[in-house]
Each structure stands twice: as C-alpha cells, then as structure tokens.
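User: I've got a model open and would like to talk it through with you. Could you take me around it, one question at a time?

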Amino acid sequence: KGVKILGMSVSPGEEMLAVACKNNNIGLIQIKSIGLNEDLTKDIKFDLVCRGFHSGSISAIDIAIQRPIIVTCSRDDSTIRLWNYYNFSCELAREYYVLEDMAIREAAKPLISVAMHPSGYYMSASFIDKIRFYHILHDELRHFKNIELKNCQKMKFSTGGHLFFAVANKTI
C-alpha cells in the first residue's frame with residue numbers, strides 16, 4: 001500500500017497487466033478482474049512475481065544450516081526478506097511500519113535486526129520495543145512469541161538451536 005508505480009505493460013493477448021513498482025517489486029494483475037464500474041478509491045491487489053531487493057542498506061543477515069535460506073533485514077526500507085540461495089530468488093518479503101501516515105512513516109522505522117534458527121523453520125526479529133519470534137511457512141511469517149527487550153542490536157541462535165542470545169543497548 002502506498003508504493004509508487006514506475007511502469008506498466010499489457011500482455012500481447014491483453015489478459016494480463018505487469019506492474020513495476022518503486023520498491024523493485026513486479027506484480028501481475030488479470031485485467032478481467034478489474035471492473036469498469038468499480039469504486040475508483042478501492043485498492044487493486046496483484047500477485048507478486050518478483051519481490052525485488054532492499055531499497056536501503058542491509059542492517060543484519062543470517063543463514064540457516066539445514067535449509068538453503070538466508071534472511072536479511074534493512075532498517076532503511078523496514079523490510080525482512082528470505083532468500084533461497086539455490087535458485088537465487090527472494091521467496092518472501094515483509095514490511096514493518098509503526099505508522100500508516102506516509103508523511104511520518106520515514107521517521108518510524110521499528111526494525112533493527114534478524115536471526116535465523118539453524119533448522120531454517122524459525123526466525124527472530126528485533127524491533128525498537130521487543131523481539132518477535134516467527135514460524136517460517138511457505139508464503140508467510142507466522143508470529144508465535146515475544147520477548148519484551150527493547151533496542152536489541154545483536155541476536156544469534158546457538159549452533160544446535162537450543163539457545164538464543166540477544167544484546168540490547170541501554171537507553172538513558
């Protein structure tokens with residue numbers, strides 16, 4: 001929501017519309033799903049075929065031992081991305097924002113760091129107010145636990161995955 005569109009192209013058979021977004025995502029829309037008499041203020045949803053790349057610097061990276069997955073996060077664009085290093089693709093991208101107002105959104109970047117469990121089925125993400133743990137599913141991150149630790153800069157699971165380490169900056 002709120003992502004600028006840089007370009008569009010219609011397929012030769014005029015059944016699909018490809019959309020290139022400013023955040024490097026590429027989406028497809030079936031043209032017949034867009035009604036002519038619909039409410040023009042309603043959002044049009046499309047399927048992502050390429051989730052693109054971070055639009056800012058990568059602030060944390062970790063790798064799974066038992067699956068071909070790397071997790072990266074960028075505090076600049078407030079996204080977490082899961083990459084498959086066998087087929088060189090971004091399999092999942094998720095944005096995290098505190099505020100919905102686009103004018104204030106740039107100042108509210110809650111994401112700090114990420115850590116991957118060695119199995120590749122769990123992940124932790126630190127935010128300005130807490131650490132959240134997620135199950136990594138096929139097409140989503142499902143939240144299952146919080147630790148109330150603010151401003152955690154570094155996190156790591158042990159090699160066996162049975163221990164979790166977190167360091168937070170003390171705020172004065």
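This is a predicted model: local features need pLDDT of at least 70, side-chain atom pairs count only at pLDDT 80 or more; totals for chains, interfaces and linings use all residues.

User: Fine. With that cut-off, is tyrosine 134 buried or exposed?

Analyst: Tyrosine 134 has a relative accessible area of 0%. Buried means under 20%, so tyrosine 134 is buried.

User: And what does the secondary structure of the whole protein come to?

Analyst: There are 172 residues, and buried ones make up 34% of them. Of the contacts with a separation of 6 or more, 33% are between residues 24 or more positions apart. As for secondary structure, the count is 1 helix and 14 strands.

User: In what order do the 4 strands of the open sheet come?

Analyst: The pairing in this sheet is antiparallel. Its edge strands, each pairing on one side only, are strand 9 (111–116) and strand 12 (141–147). Neighbouring strands are turned by 25 degrees against each other on average, direction ignored. The order is 9-10-11-12.

User: How many bridges join strand 9 to strand 10?

Analyst: Strand 10 covers residues 122–127 and runs antiparallel to strand 9. Leucine 111 has phenylalanine 127 as its bridge partner, and alanine 115 has serine 124. The hairpin of these strands has 5 residues between them, and glycine 120 takes a positive phi near 85 degrees there. The number of bridges joining the two strands is 5.

User: Which residues have the most contacts inside the largest nonpolar core?

Analyst: That core has 18 residues. The elements giving two or more residues to it are strand 6 (69–74), strand 7 (79–84), strand 9, strand 10 and strand 11 (131–136). A second, separate core of 6 residues includes Ala115, Cys152, Met155 and Phe157. In the largest core, the ones with the most contacts are Ile80, Leu82, Met123, Ala125 and Leu141.

User: On to the rings. What kind of aromatic pair do tyrosine 85 and tyrosine 86 form?

Analyst: A search of the whole structure finds 8 aromatic pairs. For this one, the centres are 5.5 Å apart and the planes are at 80 degrees. Tyrosine 85 is partly exposed at 32%, and tyrosine 86 is exposed at 65%. With planes over 60 degrees apart, the pair counts as edge-to-face.

User: How many residues apart in sequence are the parts tied together by tyrosine 96 and tyrosine 134?

Analyst: Their pair is tilted, with 6.4 Å centre to centre and 55 degrees between the planes. Tyrosine 96 is buried at 8%, and tyrosine 134 is buried at 0%. Tyrosine 96 lies in the loop between strand 8 (89–95) and helix 1 (102–105) and tyrosine 134 in strand 11, so the separation in sequence is 38 residues.

User: Which ring does arginine 67 lie over?

Analyst: Elsewhere, Tyr122, Phe133, Phe144, Phe157 and Phe164 form one aromatic cluster. Arginine 67 sits 4.3 Å from a ring centre, over the face of tyrosine 121.

User: Last one: what is the phi of serine 78?

Analyst: Most residues other than glycine have a negative phi. Serine 78 lies in the loop between strand 6 and strand 7, and it is buried at 0% relative accessibility. Asparagine 151, in the loop between strand 12 and strand 13 (152–157), has a positive phi of about 50 degrees. For serine 78, phi is positive too, at about 55 degrees.

Definitions and conventions:
Residues are numbered from 1 along each chain as its sequence is written. Side-chain values use heavy atoms; hydrogens and water are left out. Two strands pair if DSSP finds at least two bridges between them. Axes are lines fitted to C-alpha atoms, for helices over the stretch in contact, and angles run from 0 to 180 degrees between N-to-C directions. A nonpolar core is a set of buried Ala, Val, Leu, Ile, Met, Phe, Trp, Tyr and Cys residues joined through side-chain atoms within 4.5 Å. Buried means under 20% relative accessible area, exposed over 50%, partly exposed in between (1.4 Å probe, protein chains only). Rings of Phe, Tyr and Trp (its six-membered ring) pair if their centres lie within 6.5 Å; planes under 30 degrees apart count as stacked, over 60 as edge-to-face and the rest as tilted. A charge sits over a ring if NZ of Lys or CZ of Arg is within 6 Å of the ring centre and within 35 degrees of the ring normal. Contact means heavy atoms within 4.5 Å.
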